[in-house]
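Q: I'd like a close look at one part of this protein and how that part sits in the rest. Could you walk me through it?

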Amino acid sequence: MTESRTRPTPAQLRAHRQALANRRPRLHLALDLTIWLLFVWMAAFGSLEPLALIGALLAAVAVQWLFPLPNRAGIYQVHLLSLVWLILRFIWDMARAGLHVVWLIIANPPRHDAILRIQVRTSVPEYLALLVAMTTLVPGTVVVEVKAKERVLYLHCLDVEGQGGLEALRANTLAQEARILRAVAPRELQREVGVSRGRG
């Protein structure tokens with residue numbers, strides 16, 4: 001006795017193909033993770049050569065393809081002029097802070113370090129990750145703890161007086177957050193957290 005086998009319907013075939021497609025790894029590039037991986041790679045190899053940069057970019061893409069994170073569409077909304085200003089100001093901050101740290105090493109003056117608690121505007125992980133990465137990459141400041149739910153960062157600051165005092169450091173961190181939000185956050189979110197349209 002032979003078993004009768006029914007052929008799948010077109011709808012079943014489409015559903016099967018869709019299920020197979022969903023199993024395939026998809027590439028969702030996260031801006032903050034890509035930047036962070038680039039910085040980690042470049043710092044690890046200590047090279048700014050074009051070949052090293054290309055290798056770092058390929059490694060960042062490969063990591064996100066092999067170990068995909070949930071896709072959160074709509075998180076980023078790039079505003080070109082604000083993004084350019086964010087990058088330029090970040091480069092300036094790194095250069096200025098680097099010179100300050102070099103002076104501290106050479107002159108070895110008396111200094112006061114501190115850990116500063118900063119209440120930030122947003123708890124969105126993507127923006128917080130960018131803020132933590134960019135703040136930590138500026139010489140003289142390191143984020144030592146993040147409490148995302150409370151929107152709190154704890155920042156270790158080198159030579160507090162030399163950087164203008166605690167309030168100046170707090171203001172600089174909040175200004176950095178505002179620049180990040182102006183550069184990559186939707187306008188609606190900027191209005192919700194009270195970020196003005198100015199350059200800052």
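Before we zoom in: among contacts between residues at least 6 apart in sequence, what percentage join residues at least 24 apart? And then, which strand does threonine 141 lie in?

A: It's 68% of those contacts, where contact means heavy atoms within 4.5 Å. Two bits of housekeeping. The model is predicted, so local features need pLDDT of at least 70 and side-chain atom pairs count only at pLDDT 80 or more, while totals for chains, interfaces and linings use all residues. Numbering starts from 1 along each chain as its sequence is written, and side-chain values use heavy atoms, with hydrogens and water left out.

Now the wider picture. The protein has 7 helices and 3 strands, in the pattern α-α-α-α-β-α-β-β-α-α along the sequence. These are DSSP runs numbered from the N terminus: helices are H or I with at least four residues, strands E with at least two.

Threonine 141 lies in strand E2, residues 141–147. The 3 strands make an open sheet in the order E1-E3-E2, with antiparallel pairing; two strands pair if DSSP finds at least two bridges between them. E2 is an edge strand, as is E1, each pairing on one side only. From one strand to the next, the twist averages 25°. E1 and E3 pair over 6 bridges, and Gln119 stands opposite Val152 in E3.

Two helices lie over this sheet. H5 lies across E2 and E3, at about 155° to E2, whereas H6 lies across E1, E2 and E3, at about 45° to E1. Those angles run from 0 to 180 degrees between N-to-C directions, using axes fitted to C-alpha atoms, for helices over the stretch in contact.

Back to the residue itself. Thr141 counts as buried because its relative accessibility is 7%; buried is under 20% relative accessible area, exposed over 50% and partly exposed in between, with a 1.4 Å probe and protein chains only. A polar atom of the Thr141 side chain lies 2.8 Å from the backbone oxygen of Thr135, and this side chain also reaches the backbone oxygen of Val138 at 3.1 Å. Beyond its neighbours within four places in sequence, Thr141 is in contact with Thr135, Thr136, Leu155, His156, Gln163 and Leu169.

Technical notes: Polar contact = N/O pair within 3.5 Å; in protein donor to acceptor, adjacent residues only side chain to side chain.
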